[in-house]
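Please find below my note on the model under review. The points are numbered so that each may be taken up separately.

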Amino acid sequence: MSELTLTVIRLGLLALLWIFVFSVVGVLRGDLYGTRVLSRVKPKPPGRPARPAVAASTVTEPVVPKMSRSASKRIPNTLTVTEGSLAGTTLTLMETGVLLGRNPECTLVLNDDFASGRHARIFRRDGGWVVEDLGSTNGTYMGITRLTQPTPVEVGSTLRIGKTIFELRK
C-alpha cells in the first residue's frame, strides 16, 4: 500500500474515534444534566373560529346558557392551602386547570411525603370546577370521602392530599 492510502485510512479512523468520543460525552451530559426545557407553550386565547362562506340566513349563533347569580356564587376562583407545609399559599384557578403533586411540573408543588408525583388535578367542566385523583397511592379526599371519580367542587369545599388541606374560595 502506498503512503497516501495509509495516511487517509489513519485520518479516517481518527475522525471516527473523535465522533465516538463526542457522542459518548453528549450522552453522559444528557444523563447528568437532564433535558433542557426551552419554553412552555401557552394556550391560545379563545377566539372566533373561521366560518365557511354560507348565506347569512342559514347561520345561527349557538345559544350559551347564562349562569344564575346563585350558581356563579358557588363557583370558586382560588385554591388556598389551609394546613400543611404550604399553609397560607393561595393559587388562582386557571382555565387550563391546576395540577397538584410533588413533581416539579405541577402547578402547585407539594412538600408532602404522602403526595404522589402527579397526585390530583382541578379542571373546568360544564361551567364549574371538578377535582380528579390521578391514581395516587394515598388518595385524594373531599371532606372525609375518598375520591374515586371526577367530582364537582364548590366554594367552601375542602380537599386533603396527605397532610396538606386545601379550601376552595371565591
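The points below go from the basis of the model to its fold, core, salt bridges and surface.

1. Basis of the model. This is a predicted model in which local features need pLDDT of at least 70 and side-chain atom pairs count only at pLDDT 80 or more, while totals for chains, interfaces and linings use all residues. Residues are numbered from 1 along each chain as its sequence is written, and side-chain values use heavy atoms, with hydrogens and water left out.

2. Overall fold. The protein chain has two helices and 11 strands; helices (H or I, at least four residues) and strands (E, at least two) are DSSP runs numbered from the N terminus. Along the sequence the order is α-α-β-β-β-β-β-β-β-β-β-β-β. Of the contacts between residues at least 6 apart in sequence, 37% join residues at least 24 apart, a contact being heavy atoms within 4.5 Å.

3. Burial and surface. Of the 170 residues of the protein chain, 26% count as buried. Buried means under 20% relative accessible area, exposed over 50%, and partly exposed in between (1.4 Å probe, protein chains only). The chain exposes about 12800 Å², of which carbon and sulfur atoms supply 59%; accessible areas come from the Shrake-Rupley method with a 1.4 Å probe, and for residues only the protein chains shown count as cover.

4. Nonpolar core. The largest nonpolar core has 21 residues, and L100, L108, I122 and F166 touch the most other members. Such a core is a set of buried Ala, Val, Leu, Ile, Met, Phe, Trp, Tyr and Cys residues joined through side-chain atoms within 4.5 Å. Two or more residues come from each of β1 (78–83), β3, β5, β6, β10 (158–161) and β11 (164–169). Leaving aside neighbours within four places in sequence, F166 is in contact with residues including L79, V81, L100, L108, L110, L159 and I161.

5. Salt bridges. The structure holds four salt bridges, each defined as a side-chain nitrogen of Lys or Arg within 4 Å of a carboxyl oxygen of Asp or Glu. One of them joins R124 and E95 (3.4 Å, N to O). R124 lies in strand β5 (residues 120–125) and E95 in the loop between β2 (90–92) and β3 (98–101), so this pair ties together parts 29 residues apart in sequence. R124 is partly exposed at 31% relative accessibility, whereas E95 is exposed at 59%.

6. A further pair from β5. R121 and E132 also meet in a salt bridge (2.7 Å, N to O). Because R121 lies in strand β5 and E132 in strand β6 (residues 128–133), the pair ties together parts that are 11 residues apart in sequence. R121 is partly exposed, at 32% relative accessibility.

7. A buried threonine. T140 is located in the loop between β6 and β7 (141–142), and counts as buried at 1% relative accessibility. Its side chain makes a polar contact of 3.2 Å with that of H119; a polar contact is a pair of N or O atoms within 3.5 Å, where within protein one must be able to donate a hydrogen and the other to accept it, and residues adjacent in sequence count only if both atoms are side-chain atoms. Leaving aside neighbours within four places in sequence, the contacts of T140 include A120, D133, R146 and I161.

8. Nonpolar surface patch. L11, L14, L17, W18, F20, V21, F22, V24, V25 and L28 make a nonpolar surface patch of about 980 Å². Patches are made of residues with over 30% relative accessible area and no salt bridge, like charges being joined within 9 Å and nonpolar side chains (Val, Leu, Ile, Met, Phe, Trp, Tyr) within 5 Å. L14 is found in helix α1 (residues 3–33) and is partly exposed, at 42% relative accessible area. In soluble globular proteins, nonpolar side chains tend to be buried together.
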